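Let's take a walk through this model together. Have a look at it first, and then we'll start with a pair of helices.

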Amino acid sequence: MQMTDLIAKKRDGGALSTEEIQFAIQGYTRGEIPDYQMSALCMAILFRGMDDRETLDLTLAMMHSGEMLDLSPIRGVKADKHSTGGVGDKTSLILCPMVAACGLKIAKMSGRGLGHTGGTIDKLESFPGFVTGISEQRFFDNVNRIGMAIAGQTADLVPADKKLYALRDVTGTVPSIPLIVSSIMSKKLASGADVIVLDVKCGSGAFMKTPAQAEELARSLTRVGRLAGRKVAAVITDMDEPLGCAVGNALEVKEAIRVLRGEAKGELLELCLTLGACMLTEAGLAEDDRAARRMLQQAIDDGSALRKLREFVEAQYGDPASVDDLSLLPAAPIRLEVPCESAGFVSHIQAEQIGLVSMHLGGGRATKESAIDLGVGVVLHKKVGDRVEKGDSLATIHASDEKKAREAVELLRACYTLSEAPVEKPDFIKAIVR
Ligand code: URA
């Protein structure tokens, strides 16, 4: 078999066979197929697409490229959740303790942030002492004992995706549905959960810019998951503005804790109720969405979700007192307000740019090796649809460096667009695909 034949076949619109897909993935993972040939194949896939059988074969070939987690030592239905990536997305920190408090087992592998998007693993490290690199035994024990564990992805899990994602990132081949589906689902399938719930982001801060593209991605993700024998649901949500108000690691942890305390509501809580309801119903722990939402709301109201977070932090060597006393979490020394220069209604906030402002302050990484400052970031006070008067603060910058803080004020102001006429907030939950 020759890689040049596979590239030409896909370039001309043909469907690759199971063996051809396995040949390309195995050869690339072993270093036998060079980057230039693999990038040509990715570009051909981006333009020509793949049918369901090819996408499933690609996903399975990637899944088999490394170790797979066997979750059988964990008793009960195991669930996992994945977001296609966004700004201010602290959902896992809220959702996982909520569903674990309702009896579902969460065995989750998460990643670090890269570029303008954050990662759950970095956010969790805001809890003093928290360890994300726990042993497999401790991971299983924690899920059996308290119902949840979140660990960093090991290097051996889907090595094909590590190489391919880095290649796609520099060859303009990220926004291809079969490549995104195989990248996400190979990792989720290799992580072993029975139930997988996906949060597919849609809008200017997401890979999928339109609801139609997001729906196509959601349908393909759920189809591949089902064909691989898992229970899968996807929720399409708005990412035209950051999720919630905080962007930056410890700031997002603080916002998540406020939601679990019942102090913050809005779209963030709504998203967790929607994703959580999908998880509980798919797992058979709730009869329908209404019953599931009642269970989840009860877990907030009676404090059991917050207690679950405390247990989880302690079980991974973090300081549980930091869940109750937010002053124990990292904080930046400098605070600057971003005053609005005119009156009006907020019509748009550039989510991706806000993520870049947080990165500029030191909250994100330009490369995988960069160190990050957990305390810095941005807290938005005005969201799309809000009325603002001249001089109102649009946001607070949390920084460790005066010069960067002043630069961030200007950058952040430029992220906001105002209109004279009132603006209707778009629907936050766009669709649920089951
Ligand atoms: N997230 C992934 O893990 N892979 C993609 O290709 C896109 C988003």
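Helices α8 and α9 cross in a left-handed way, meaning that the near helix is turned anticlockwise from the far one by less than a right angle. On the α8 side the contact (heavy atoms within 4.5 Å) is made by D161, Y165 and R168, and on the α9 side by L179, I180, S183 and K187. The crossing angle is roughly 150°, with the axes coming within 11 Å. The two helices are therefore roughly antiparallel, a label for angles over 145 degrees.

A quick word on the ground rules. This is a predicted model, where local features need pLDDT of at least 70 and side-chain atom pairs count only at pLDDT 80 or more, while totals for chains, interfaces and linings use all residues. Residues are numbered from 1 along each chain as its sequence is written, and side-chain values use heavy atoms, leaving out hydrogens and water.

Here is how the protein is divided, with bounds from an automatic or database domain assignment:

| Domain | Residues |
|---|---|
| domain 1 | 3-49 |
| domain 2 | 78-324 |
| domain 3 | 331-419 |

The C-alpha centres of domain 2 and domain 3 lie 24 Å apart. Each of these two domains puts 27 residues into their contact.

Now for the inside. The largest nonpolar core has 83 residues, and M98, F127, F312, I397 and L412 touch the most other members. Such a core is a set of buried (under 20% relative accessible area, 1.4 Å probe, protein chains only) Ala, Val, Leu, Ile, Met, Phe, Trp, Tyr and Cys residues joined through side-chain atoms within 4.5 Å. Helix α12 (residues 266-282) gives the most to this core, ten residues.

Conventions. Buried < 20%, exposed > 50% of the residue type's maximum accessible area, 1.4 Å probe, protein only. Helix = DSSP H or I, 4+ residues; strand = E, 2+ residues; numbered from the N terminus. Axes fitted to C-alpha atoms, helices over the stretch in contact; angles between N-to-C directions. Parallel < 35°, antiparallel > 145°, perpendicular 65-115°, else oblique.
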